[in-house]
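Welcome! Here is a short briefing to read alongside the sequence and the 3D view.

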Amino acid sequence: MGEQPEFGVLGPLEVRFGGVGLRVGGPIPTRVLTVLLLSPGRTVPVGRLVAAAWEEEPPATAAHQIRKAVAELRQRIPGGPALLLTDGPGYRAEIGQEQLDLSRFTLLLRQSRAALDTDRLSEAADHLRAALALWRGPVLAGHGGSVIAAASAVLEERRLAAVGQLLDLRLALGESGQLVHELRELCTDHPLRETFRGQLMLALHRSGRRAEALAEYATTRALLVEELGVEPGQQLSRLHQSILRGGPEPTGAVRAAEPAPVTGAAAPAPCTLPYDLADFTGREAELARLTERPGEALTGPSAAGPGAVRILVVDGMGGSGKTALVVRAAHRLAPDFPDGQFYSDLRGFAPGERPCDPVAVLGTLLRCLGVPGERLPEGLAGRSALWRSALTGRRVLLVLDNAADAAQVRPLLPASAGCRVLVTSRRRLVGLDGLDGAEAVSLDLLTPEQSAGLLTATLGTARTGQDPDAVRELAERCGHLPLALRIAAARLRNRPLWTVRHFADRLADESRRLDELRSGDRSVELAVRLSYQELGDRHRRALRLLGRCTGGIDVHGAAALFGLGPQQAEDLLEQLMDSHLVEQHELGRYALHDLVRQFARRLSTRDQGAEAASEAEAEADVAFERLLDYYVAATETACRVRYPDHAWSTPTAPSVAALPDLAGPDGAEEYLDSEQNALLPALEQAVRLGHHQRAGRLAESLVLHLGSRSRHADHHLVAALAVEAARRAGDRQRLRLGLEDLAVVLRRLGRFPEGVRAATEALDLAGELGEVTGQAAALHQLGLLRGCEGRLTEALELLERAVALFGGPEGGAAVTPGQGHGAGADLAAVRRWLGDLPGAVSAAERAVRLTRGFGPAAEEIAALTELARTRLARGESAAARQAVDRAVERGDERHRPEDLALAHAVAAEVHQRLGQTAQAAAFAGRAEALIREHAGPVRSATVENLLGALERRGGSPRRALALHRSALTRAEATGHRLEAANARAGLAAAWRLLGDHSRAAAELRLADALFDAIGVPERRRAA
């Protein structure tokens, strides 16, 4: 031993040579050496060493510094070049078992197990004592970062397991009273560990201290209920009952071999399943799939043919409840597999550990079947063959939890048709599914109902029933992830004064949400980190960059973000999806779960030095600029294809990445619709980060599309962001455009005073810039807004000025063919209300002529609809029908659907006046459906008043009352005085038809007062 250095990790990291301690350098070499020692004989990639050395977001020189650290270690450690070897993509610590205390610890545990298998209990206890004597204090003590801390926790768990096994052996060898003090100390240090509690109860009972043993159980039960909200496990409960009954003396988990029973009774089937969750909820469909009996109709495709073993692989993101699901399924299936139910944790993603070697797993499984240790073959092939042979003709259930990959699982699969295998993994085991006939069961998130059910099951109805809305919000902020929900429930149980609302509000802060979702050694962040640590450098970088994207992303957007080609980007996304770190809810679009995104966002800022964090932020900023440039180019290209008549303020932006195939107007429209949930967050982020020019260009495209779709809330958000970006950039022309768009949507939303302010500022800016078209557009919006406010005379003046500047019906030099039609149609409407029917018809006819062949179809529809209304006002029903039929024919419900709703309502009135009641009813039904689905409050009030009049004339006054009341509510809420007057006039007419003349008179008085204030002549009042 003196010729080779000794390495100690079962305590603070220590390197000794010839009995003298050696210094290995600063924190980076120390962490590198620690990670290599935790995986002796195994190649550790440089990326893993970088993650351990710097946590997340390492400096650009990280790989070079790792090489430098290894070189330093080779110099400081005697024989270092032969111990620390370069191996392909990483490094390997090639050290003998006698040099590393962790290896000696593992070897002694194996020797103890071998002795136990042949009932040499004293020898097994001696090996365990020797193994535990290697520990020198808190393992890997000091600040080593999350990777090393996770490994430290795993090693501590192995130590405690060894302590528990040694105590079992000592109890089996006859010790009892002398163990009480030692066990009390262990219970104090680990109060929730039921194994130690049970051993203490057994030691007390065997020492004649039965009352103390029973009191210990009562104390343990109270603690578990208070801290975790659970009852003691079955083993502890059975021990308590045995002591309570004073029956045969309870035995420990390890006991000396007993003579075989002489009754001829068969030994009970082995069962190593973990305990089932008492409050398991949800996953009904998946549970039914896993527990289907032979002969039952399968809920999903089964690759297993007749006589084949059935293999089901459950995959899902960390914390999705895979283990809980398969354990619940296994307990339900247990009666169908009388020859045994086996559980094995394959440790595929355990921090600081290698995945379990199939050779070792097979050894454990074969021993459970009763195969003596001396009969176990040494190699994988021999043990796998013996395992399959031993299961021939048996009905066995095998649960393989936490599998790393298909190669780890294949040697463990039985061949007997009576067997079933349940496998869980964080990765999609594509090879096992495709090549070995396994059935994949991928876990999605819980539904909102399932999430609420889980919280209710764990917290109780008394607590969750007080505020169902808070329960829903809590579930939403937990991302409907079972682990997050259980942690939230555990925290609430530990804080009885907290309400569900209080904790839901604590989770509202996204920057702290992962910190809140932590309970003891369990956390959502750790669950996600374990999956993250298994990724290569390219995949880690991709995940960090995706964390900056709030909405989903398609392949082309990801390619721009990553700085790669579309095929390379898709490969990265698909591999992240196989690891359940990326979701795909629709073909071609990818997104991060909210909690994964928050984890990815904090990677660049948490546990990092200032330099590393700055470099990471700089990389993320450059990547976002690439994505933003791509979005600007793609949306402008799509909008130019879909809306060719729009007057663009700038040429098309050059593409910085490959654009999707838009395939004509329909393809362009599909792209804009599918990308909306990504484009809006990108625009918000662009404004927040100061990319004002890009934000302005992106907003121009989005406003055009959202306005066409009548998506008023999103339209308002984009227009407001456009105004903010233009102000910050000092771009007065874009500010004028943004204010104009903002005035449009504020009018549609019924926010007239705000709209007036925006339009007035736009008019002032247009005048300062000398933009005639801008002045006309602002006057147009001001006229519409004043008309909605009931100031018809002022609206008339403003619209006449707008039309004159556009070069419309009132003369003037036309700016561009087709411009002025919108103002002309609206001018016709105001003249119609003021009683100037000849002037209204003239303005409407000219607006129709201007739109025919020029501009979007929606503008022609608006002009034709107004022409029909003016013709109706003059009693020209046939001419009105000609105009409105053309409007409806030109309509497309995807574009400006609220304008099409008005056209359908007018068509219903026209056809009713012509005696075509069936057609009128059909048009009215479609108009009502369109406003219900798409319209804002202003257009809805107008259409409801028209439909109310239709119902009155059709003999349905009560239906008319409902429509006019709804219109009145909308009109009064927005200050739309004209439609409020129309609604009251309609109510008066409906009450008169119903014979309630007093109500009719009251409503008519209110209507006349409004009409008088607005200036509508009596002959134009709707009665």
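How many helices and strands are there in the chain? The chain holds 46 helices and 16 strands, where helices (H or I, at least four residues) and strands (E, at least two) are DSSP runs numbered from the N terminus. This is a predicted model, in which local features need pLDDT of at least 70 and side-chain atom pairs count only at pLDDT 80 or more, while totals for chains, interfaces and linings use all residues. Residues are numbered from 1 along each chain as its sequence is written, and side-chain values use heavy atoms, with hydrogens and water left out.

**The chain as a whole**

- Of the 1023 residues of the chain, 53% are buried; buried means under 20% relative accessible area, exposed over 50%, and partly exposed in between, with a 1.4 Å probe and protein chains only.
- The accessible surface is about 42,800 Å², and carbon and sulfur atoms make up 52% of it; such areas come from the Shrake-Rupley method with a 1.4 Å probe, and for residues only the protein chains shown count as cover.
- Among contacts (heavy atoms within 4.5 Å) with a separation of 6 or more, 67% join residues 24 or more positions apart.

**Nonpolar cores**

- In soluble globular proteins, nonpolar side chains tend to be buried together.
- A nonpolar core is a set of buried Ala, Val, Leu, Ile, Met, Phe, Trp, Tyr and Cys residues joined through side-chain atoms within 4.5 Å.
- The largest such core here has 164 residues, and L474, V524, F562 and Y631 have the most contacts inside it.
- Helix α29 (residues 610–642) supplies the largest share of this core, with 11 residues.
- Another core lies apart from it and has 73 residues, including L83, A115, L166 and L214.
- Setting aside residues up to four places away in sequence, Y631 touches G552, I553, Y671, E675, A678, L679, A682 and L698.

**An enclosed helix**

- Helix α26 (residues 555–562) is largely enclosed by the rest of the structure, because 7 of its 8 residues are buried.
- The buried residues of α26 are V555, G557, A558, A559, A560, L561 and F562.
- Just after α26 comes G563, which takes a positive phi of about 75 degrees.

**Two open sheets**

- Strands of a sheet pair through backbone hydrogen bonds, either parallel or antiparallel.
- Two strands are taken to pair if DSSP finds at least two bridges between them.
- β14 is joined by 2 bridges to strand β16 (residues 589–591), and I553 stands opposite Y590 in β16.
- Another open sheet of 3 strands runs in the order β4-β6-β5, also with antiparallel pairing; its edge strands are β4 (44–45) and β5 (84–87).
- β5 pairs with strand β6 (residues 90–93) over 4 bridges, and R92 in β6 is the bridge partner of L85.

**Aromatic pairs**

- The structure holds 5 aromatic pairs: rings of Phe, Tyr and Trp (its six-membered ring) pair if their centres lie within 6.5 Å, with planes under 30 degrees apart counted as stacked, over 60 as edge-to-face and the rest as tilted.
- W498 and F503 are stacked, at 5.7 Å centre to centre and 25 degrees between the planes; W498 and F503 are both buried.
- Y532 and F599 are edge-to-face, at 5.5 Å centre to centre and 75 degrees between the planes.
- This pair links distant parts of the chain, with Y532 in helix α24 (residues 524–533) and F599 in helix α28 (residues 594–602), 67 residues apart; both Y532 and F599 are buried.

- R711 sits in the loop between α31 (692–708) and α32 (712–729), and counts as partly exposed because its relative accessibility is 27%.
- The side chain of R711 makes a polar contact with that of Q676 (2.3 Å); a polar contact is a pair of N or O atoms within 3.5 Å, where within protein one must be able to donate a hydrogen and the other to accept it, and residues adjacent in sequence count only if both atoms are side-chain atoms.
- R711 and P897 are 186 residues apart in sequence and 9.7 Å apart in space, C-alpha to C-alpha.
- E860, in helix α39 (residues 857–873), is buried, with a relative accessible area of 2%.
- The side chains of E860 and R890 make a polar contact (3.0 Å).
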